[in-house]
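Please read the following short report alongside the sequence and the model. It begins with one element and then turns to the whole chain.

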Amino acid sequence: MYYVEESHPAIIDKEMHTAVQLEMERRRAFAEKYNISKLDYATVDNPFAGRVICGHCGSPFGRKVWNSTDERLRRVVWRCNKKYEVKGKRAVRISI
Ligand SMILES: [Zn+2]
């Protein structure tokens with residue numbers, strides 16, 4: 001097997017390739033720092049997955065469904081995954 005450099009035009013240029021490598025490393029380090037096991041699992045329904053970190057305890061926020069059995073009261077909220085782990089200490093919550 002032979003490897004020939006510059007034999008055909010690159011799909012992306014070297015600068016972009018380097019930028020992508022740096023971004024992948026940044027995300028890997030971010031996940032490691034905050035104990036996020038899955039990278040890039042955010043979806044349209046779960047856009048903050050692995051991206052929002054609690055300002056109080058440093059844990060990732062998670063998507064929770066409130067009142068899942070009653071459609072009228074049903075709400076999706078994102079809150080600190082450790083909100084109920086430490087008694088008497090509440091974490092910040094955002095909701096839509
Ligand atoms: Zn927290």
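Helix α1 covers residues 14-33, which is 20 residues, and at 1.5 Å a residue it should span 28 Å. The expected span is 1.5 Å times one less than the number of residues. The end C-alpha atoms of α1 are 28 Å apart, which agrees. This is a predicted model, in which local features need pLDDT of at least 70, side-chain atom pairs count only at pLDDT 80 or more, and totals for chains, interfaces and linings use all residues. Residues are numbered from 1 along each chain as its sequence is written.

Helices (H or I, at least four residues) and strands (E, at least two) are DSSP runs, numbered from the N terminus. The protein has 1 helix and 3 strands, in the order α-β-β-β along the sequence. Asn35 follows α1 and has a positive phi, near 55°.

A residue is buried if 20 or more other C-beta atoms lie within 10 Å of its own, exposed if 12 or fewer, and partly exposed in between; C-beta atoms are placed from the backbone. Two values for burial are listed here.

| Part | Value |
|---|---|
| α1, 20 residues | 0 buried residues |
| Protein, 96 residues | 6% buried |

Lys82 lies in the loop between β2 (75-80) and β3 (93-95). Lys82 counts as partly exposed because it has 17 C-beta neighbours inside 10 Å. Between Lys82 and Gly58 there are 9.2 Å in space, C-alpha to C-alpha, and the two are 24 residues apart in sequence.
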